[in-house]
Amino acid sequence: MKVLSPTDSAFLWMETRNQPMHVAGLNIYSPPPGAGPHFVSQLLAGWGRHLSALPPFNQRPVLRRGLWYWEDDTEFELDYHLRHLALPHPGRIRELLAMISRLHGNLLDRNRPLWEAYVIEGLPQGRFATYTKIHHALVDGVTGARIMAESLARTADEDKPPVWAQVYSRHPTVRREAPAKGLIEQLASAARAGRDILPGVAGGLWDIVRAADPDSASALPFHAPPTPFNVEISGSRRFAAQSYSLARLKRIGEAAGATVNDVTLAICAGALRRYLEVQKALPRKPLIAMVPVSLHGETDAGGNQVSLLLANLATNLRDPLKRLQRIVQSTTQAKERLKAMPRLQKMAHGITSISPMGAGMVMGTSKQRPGFNVVISNVPGPKHTLYLNGARLDEVYPVSIATHYLALNITISGYGDNLGFGYIACRRSVPALQRMLDYTDESILELERALADKLTPATPAPVKRATRKRVMASRARP
């Protein structure tokens, strides 16, 4: 058995019926040329021969004396975890996302390994989808994207075992033989960790108590305005997704002197501003986004290796270019501050700066004084085309987590020359989520119009919209 880290354990402690703590990925595939109508059934028959699972897919959580551990599931049942579904007629993307909305609101069974995989057929032209959800205690977004990419093949003629039957050696549930540390070495390690952690805690506490400068672009915790997103949520979900050309967003960034991540934040800011305007709920103060920052590049440890930065979304500014410039200023200041910190200090700083949110959720004060308004994640993905037993992976959409007082989560995932925007929300708290897709379109167009004289000569890539040229939000009741 292996004990969970405090960060990973937190996702198990936080989970409730209204607040499931799993993440997921929705992949859409085109069958190989000449594939018959039984391709999906044949795929599943092949997968069904892999009756055993490897870490992390054979691990279930157990609670002993107040600590969570991973242990091998000695009674692993593939039939429970692997599920075959078909879309109702007429099998549009609308029906697919209605199904995903329902599935994503269901809790994972803690008596079993915390994952489920669905193969969903019934899309036009023989296309099919996979929806795989896994608990956040097992993986963060970057680890999940890496596992997805590693599980697929780079060529159409290569077949690989299913995702649960492959080895992922960097995952924390994989046991490693290592020599036991002596007492002196243990004390030295603890001292080194304390040297990094304590300044991070102090910096996080200072961010909580210091006054915000209204003229500064920097964002501080608990200075975000109340919004309709910062309320208690129900257990039902609504999901919307859409894909855009990465080259198109890069052109905007080059013209404005901004990174692609800053451009995606500006696009989301424009969409959020418009949504709240229509809902007659746009605050005068700018919305604040929490942006997870992956630390996997600084360590070979698995699990959740993330810190965070807060970004001023400048939603109080009508001009899209000024809004983007303000976002660049905000993220640049936050990145420069994080850059000077060691990894453990970054993690301690991020956790400490938002730690009062737990008490605020219990006491109900998070509605009037949220730590931040929305989570916006950007998860890197593979640049090359991937295949599943010869079927080409066309589109990738992340499905993340909505929590109490953070009813909307936006996650952006890269694949090839596309960025897939995934919006997940509490269906009761965030009505008409499908309109966010239109507002995202409008936000990109207004940035392009504002930068028209600076954009490099090229025809803007059209919005890639699955099947019917639009990935619509689900309206189905879970």
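**View 1. Arg127, Arg392, Asp394 and Glu395 are joined in a network of salt bridges.** A salt bridge here is a side-chain nitrogen of Lys or Arg within 4 Å of a carboxyl oxygen of Asp or Glu. By this rule the count comes to 17 salt bridges. This is a predicted model, in which local features need pLDDT of at least 70 and side-chain atom pairs count only at pLDDT 80 or more, while totals for chains, interfaces and linings use all residues. Residues are numbered from 1 along each chain as its sequence is written, and side-chain values use heavy atoms, with hydrogens and water left out. Arg392 is partly exposed at 39% relative accessible area, whereas Asp394 is buried at 11%. (Buried means under 20% relative accessible area, exposed over 50%, and partly exposed in between, with a 1.4 Å probe and protein chains only.)

**View 2. A salt bridge links Arg110 with Glu15.** The closest N and O atoms of this pair are 3.0 Å apart. Arg110 lies in the loop between helix H4 (93-104) and strand S6 (115-121), and Glu15 in the loop between helix H1 (6-14) and strand S2 (22-30), so the pair ties together parts that are 95 residues apart in sequence. Helices (H or I, at least four residues) and strands (E, at least two) are DSSP runs, numbered from the N terminus. Arg110 is partly exposed, at 26% relative accessibility, while Glu15 is buried, at 12%.

**View 3. Glu448 and Arg248 meet through their side chains in a salt bridge.** The N to O distance is 2.7 Å. Glu448 belongs to helix H12 and Arg248 to helix H7, so the pair ties together parts that are 200 residues apart in sequence. Both Glu448 and Arg248 are buried.

**View 4. Helix H7 (residues 246-256) packs against helix H8 (residues 260-278).** Their axes are 9 Å apart, at an angle of about 95°. (Axes are lines fitted to C-alpha atoms, for helices over the stretch in contact, and angles run from 0 to 180 degrees between N-to-C directions.) That makes H7 roughly perpendicular to H8, a term for angles of 65 to 115 degrees. H7 brings Leu246, Leu249, Lys250, Ile252 and Gly253 to the contact, and H8 brings Val260, Val263, Thr264 and Ile267; contact means heavy atoms within 4.5 Å. The buried residues of H7 pack against strand S8 (237-245), H8, strand S15 (418-426) and helix H12 (435-450).

**View 5. Two cis peptide bonds can be visited here, one between Pro55 and Pro56 and one between His89 and Pro90.** Omega is about 5° for the Pro55 and Pro56 bond, and about 10° for the bond of His89 and Pro90. Look for Pro56 in the loop between helix H2 (39-47) and strand S3 (59-64), and for Pro90 in the loop between strand S5 (82-86) and H4.

**View 6. Ala314 has a positive phi, near 50°, in a residue other than glycine.** Ala314 sits in the loop between strand S10 (306-312) and helix H9 (320-339) and is buried at 0% relative accessibility. Asn389 also has a positive phi near 50°. Asn389 is in the loop between strand S12 (387-388) and strand S13 (391-399) and is partly exposed, with a relative accessible area of 24%.

Methods: Angles under 35 degrees count as roughly parallel, over 145 as roughly antiparallel, 65 to 115 as roughly perpendicular and the rest as oblique.
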